[in-house]
Amino acid sequence: MMNNDKKRILVIDDEEVICDACAQILSQEGHQVDTASGGMVGLEKFVRFAPDLIFVDLKMPGISGIEVLERIREYDKNVVVVVITGYATIEFAVESMQKGAFDFLPKPFSQEELLIITSRALQKKKENLEREYLIQEKERMRQNFIALVSHELRTPMVAVMQYVELLLSGVPGSVTSRQSEIYERMKIRLNDLLQLIDRWLRLSRIEELKIKEGFSDVTLATLIDEVIEMVQSQAQEKQVKISSVGIPSMLTINGDREMIKEVFTNLITNGIKYNRIGGSITIKRREDDEHHIFDFTDTGIGIAPTEVENIGREFYRIHKEGAAAGSGLGLAIVKKILDIHGGRLEVRSQEDQGSTFSVVLPKEETSLNDEGGKNEKNENNDH
Ligand code: ADP
């Protein structure tokens, strides 16, 4: 457990008497105290002294207490700041609380008031540190788990797959047709398992990849055509017809091409997997003031109203007679990717009639030509 008694405290106030009084009272309690007579010196000392708690006067010559508070909080969100207010400044007090001050101490204050507020503020600091520790611990466990899955699970699985291939090749010894049939089935099962691991790893990495660097303009019409082409043989097996209507050829979104492709691929393959023989999938675009919306409508088994809200939860699958096999990760991945792009997924469905999965993307991320939305054909052009 952390020792709550002896801490480092910095007092920033242009009134020498306040600094001295605080230093004396707080040192008597065993704390290590430093003082600064102005905002600039205060900030320098903050960096060097690394205090657990800071008292800062709101009204000082030079940079204001509010500014000191802002800069400190920008630097370290865990540090606890108490503002000292000298005059009737309820607005300032409110403003400083909004800017992240823990509490405020009106002048003049008694020794007891100072000690009570110090003790509460240090307790807050302790809680901040504990919370930070838990967050880091959780993140560490998540990273470890990802590493464990990829190395301890995926690597041996790939090795087993290679052994099966080797056996199948007949090199270690001749294989009867019955044995070869069994090896082939093993391969299919192993492949499914590897795919599951890969999807799960992908999902975990997307969470890490919350950065928008590397985004580029992606032309959606071409991308959708590419995906339709890619899944054609799967669609033909079920005689499912796929068509896309009204996607402007110039429409682009600022995003990650591979990720967006994964969204479309997942939605279209689901549309095939959960469709009836001879069914169809239609992809249409519509818009509202702020969004471009892409509807993926199928004529499949549909989803019960009670299940719709569960769609997209990791590993969630609906157990339904005749439904295709899967991992329940596809839509979780779709949702994460859309989230990164500032968009979302909406689902409407009628059981045994079909479903519409709508990809909603913000217009500010999209444009209709290469010049950031400046459209020559725009009727509202004012020149
Ligand atoms: P998977 O398809 O691998 O099970 P998904 O996350 O893609 O995983 O889908 C989760 C569940 O949502 C599926 O198991 C299925 O029950 C349901 N589902 C997804 N897409 C459709 C669809 N187009 N029509 C009906 N049900 C669907």
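Trainee: By class, how many nonpolar, polar and charged residues are in the lining of the largest pocket?
Mentor: The lining has 17 nonpolar, 14 polar and 11 charged residues. Ala, Val, Leu, Ile, Met, Phe, Trp, Tyr, Cys and Pro count as nonpolar, Asp, Glu, Lys and Arg as charged, and the others, Gly among them, as polar. Bear in mind that this is a predicted model: local features need pLDDT of at least 70 and side-chain atom pairs pLDDT 80 or more, while totals for chains, interfaces and linings use all residues. Residues are numbered from 1 along each chain as its sequence is written, and side-chain values use heavy atoms, with hydrogens and water left out.

Trainee: OK, and which residues lie nearest the centre of that pocket?
Mentor: Arg199, Asn270, Lys273, Gly326 and Ser327, out of 42 lining residues. A pocket here is an open set of 1 Å grid points, over the protein atoms alone, where a 1.4 Å probe fits, with protein on both sides within 12 Å along at least five of seven lines; lining residues have an atom within 4 Å of a point.

Trainee: Which elements give two or more residues to the lining?
Mentor: Helix 6 (177–208), helix 9 (257–273), strand 10 (291–298), helix 11 (330–340) and strand 12 (354–362). They are DSSP runs, helices being H or I with at least four residues and strands E with at least two. Helix 9 gives the largest share, 11 residues.

Trainee: Where does the ligand sit?
Mentor: In the largest pocket, meaning more than half of its atoms lie within 2 Å of the grid points.

Trainee: What is 2.7 Å from an oxygen atom of the ligand?
Mentor: An N or O atom in the side chain of Tyr274. A backbone N or O atom of Gly330 is 3.2 Å from a ligand oxygen, and a side-chain N or O atom of Ser355 is 3.5 Å from a ligand nitrogen.

Trainee: Switching to the backbone, which residues does a cis peptide bond join?
Mentor: Lys107 and Pro108, with omega about -5 degrees. Pro108 is in the loop between strand 5 (103–106) and helix 5 (111–169).

Trainee: And what's phi at Ala50?
Mentor: Near 45 degrees, a positive value in a residue other than glycine. Ala50 is in the loop between helix 2 (39–49) and strand 3 (53–57).

Note on methods. Polar contact = N/O pair within 3.5 Å; in protein donor to acceptor, adjacent residues only side chain to side chain.
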